[in-house]
Amino acid sequence: MIGRRAVLTGCLAMAAIRPGAAQSPPVVGYLGYSTPQAERASLDELRRGLASVGREDGRDVMILIRHAGGDMARAEEFISEFIAARAAVVVVPGQAAARALRRRSAVPIVSMGLPPSDPELFVSLARPGGTVTGFSDYSEQLAAKRVEILKESIAGLSLIGVMHNSIDPTYQRWGDHTREQAMKQGIAAVSMPLTSTSRAAVHELINELPAGGPRAIIVVRDFLTSAMRAEATAAALARGIALCGAQAAWAEGGALMSYGPDFPDLFRRAALYVDRILKGEKPGELPIQLPTKIDFAINLDTARRLQLALPSAILLQADRVIE
């Protein structure tokens with residue numbers, strides 16, 4: 001039996017090549033390495049952004065959405081689908097997906113989470129020069145600030161955990177960088193490597209922390225930690241450990257705080273790049289942009305549950321205090 005996904009992809013591809021066929025709207029791919037739940041808000045903003053420039057999903061564009069759920073083999077299958085459907089441009093929420101897609105196709109890519117430099121993906125931020133453009137999210141550069149905020153928030157903090165994806169070298173490096181930033185500020189740090197989207201593995205990773213161990217965990221933004229956000233938050237709260245994420249969704253979901261770029265804003269802006277590429281501009285000529293909004297959110301209810309009296313100076317810095 002032929003699956004619905006295969007039929008849809010086949011129809012999109014045939015409509016693009018059949019002589020005399022009615023003109024189909026261009027296919028815009030979305031390749032997420034995390035889960036639908038973790039990426040729903042980003043997709044909503046991408047759709048809103050496209051609608052704001054007159055590109056309604058299903059009418060002016062066909063958005064082909066795929067979520068790998070942390071499974072690299074599935075991600076490769078989805079890339080094959082985008083190629084078969086002749087996607088005009090593919091949006092990806094992180095550089096791991098951008099790298100995998102670029103290795104197999106010359107399709108234009110609009111990526112979030114790009115680093116300040118990456119010779120494999122682009123020549124420079126101002127003039128990428130290849131098939132990849134998008135937005136840097138300052139993930140590495142903001143690591144020191146997350147350590148600083150936790151240090152000011154939790155009196156006597158001397159040890160933190162750093163949860164990160166350990167199956168992708170990029171995110172392993174980001175985890176190492178966060179630990180280095182902690183040590184520069186006089187705080188010891190332990191690595192908490194995540195290897196799968198297993199609920200049991202996440203709980204085990206946190207529950208294995210020794211009594212008297214880290215009172216706080218910084219979560220590095222990547223596709224595995226994003227997929228396991230709810231599980232990590234629940235397990236940390238059960239152990240009385242404060243979590244700090246890079247996206248507001250962490251604080252909204254029960255983590256103590258989050259500090260990072262306004263990701264919904266980045267996805268709205270990504271829609272403008274998709275529109276420009278569909279109009280014929282080359283991604284290599286569109287500069288990689290930097291975030292213009294940094295969002296610091298605190299969950300006050302979680303602070304109470306952790307019996308933390310946050311300093312007024314920290315509360316005043318927050319863009320949002322969630323009750």
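Is Ser 42 buried or exposed? At a relative accessibility of 12%, Ser 42 counts as buried, a class that covers values under 20%, with exposed meaning over 50% and partly exposed lying in between (1.4 Å probe, protein chains only). The structure is a predicted model, in which local features need pLDDT of at least 70 and side-chain atom pairs count only at pLDDT 80 or more, while totals for chains, interfaces and linings use all residues. Residues are numbered from 1 along each chain as its sequence is written, and side-chain values use heavy atoms, with hydrogens and water left out.

Ser 42 is placed in helix α2 (residues 36-52); helices (H or I, at least four residues) and strands (E, at least two) are DSSP runs numbered from the N terminus. Leaving aside residues up to four places away in sequence, Ser 42 touches Tyr 30 and Phe 267, contact being defined as heavy atoms within 4.5 Å.

In one, Glu 45 pairs with Arg 268, with 2.8 Å between the closest N and O atoms. Because Glu 45 belongs to helix α2 and Arg 268 to helix α11 (residues 263-278), this pair ties together parts that are 223 residues apart in sequence. Glu 45 is buried, at 12% relative accessible area, whereas Arg 268 is partly exposed at 31%. Both residues belong to a salt-bridge network that links Glu 45, Arg 48, Asp 265, Arg 268, Arg 269 and Lys 293.

A salt bridge also joins the side chains of Arg 47 and Asp 57 (3.3 Å, N to O). Arg 47 is in helix α2 and Asp 57 in the loop between α2 and β2 (62-67), 10 residues apart. Arg 47 is partly exposed at 31% relative accessibility, and Asp 57 is partly exposed at 35%. In a further salt bridge, Arg 104 meets Glu 76 (2.9 Å, N to O); Arg 104 lies in helix α4 (residues 95-104) and Glu 76 in helix α3 (residues 72-84), 28 residues apart.

Seven strands make up an open sheet of mixed pairing, in the order β7-β6-β8-β9-β10-β11-β12, where two strands pair if DSSP finds at least two bridges between them. Since β7 (188-194) and β12 (320-322) stand at the edges with a single partner strand each, one side of each is left without a neighbour in the sheet. From one strand to the next, the twist averages 20°.

Strand β11 (residues 294-299) runs parallel to β12, joined to it by three bridges. Ala 297 stands opposite Arg 320, and Ile 298 opposite Val 321. With β10 (residues 257-261), β11 pairs in the antiparallel sense over five bridges, and Gly 260 has Asp 295 as its bridge partner. Five of the six residues of β11 are buried, so this strand is largely enclosed by the rest of the structure.

Helix α7 (residues 199-207) packs against helix α9 (residues 229-238) at an angle of about 35°, with the axes 9 Å apart. Axes are lines fitted to C-alpha atoms, for helices over the stretch in contact, and angles run from 0 to 180 degrees between N-to-C directions. Arg 199, Val 202, His 203 and Ile 206 of α7 meet Glu 231, Ala 232, Ala 235 and Ala 236 of α9.

How values were computed
A salt bridge is a side-chain nitrogen of Lys or Arg within 4 Å of a carboxyl oxygen of Asp or Glu.
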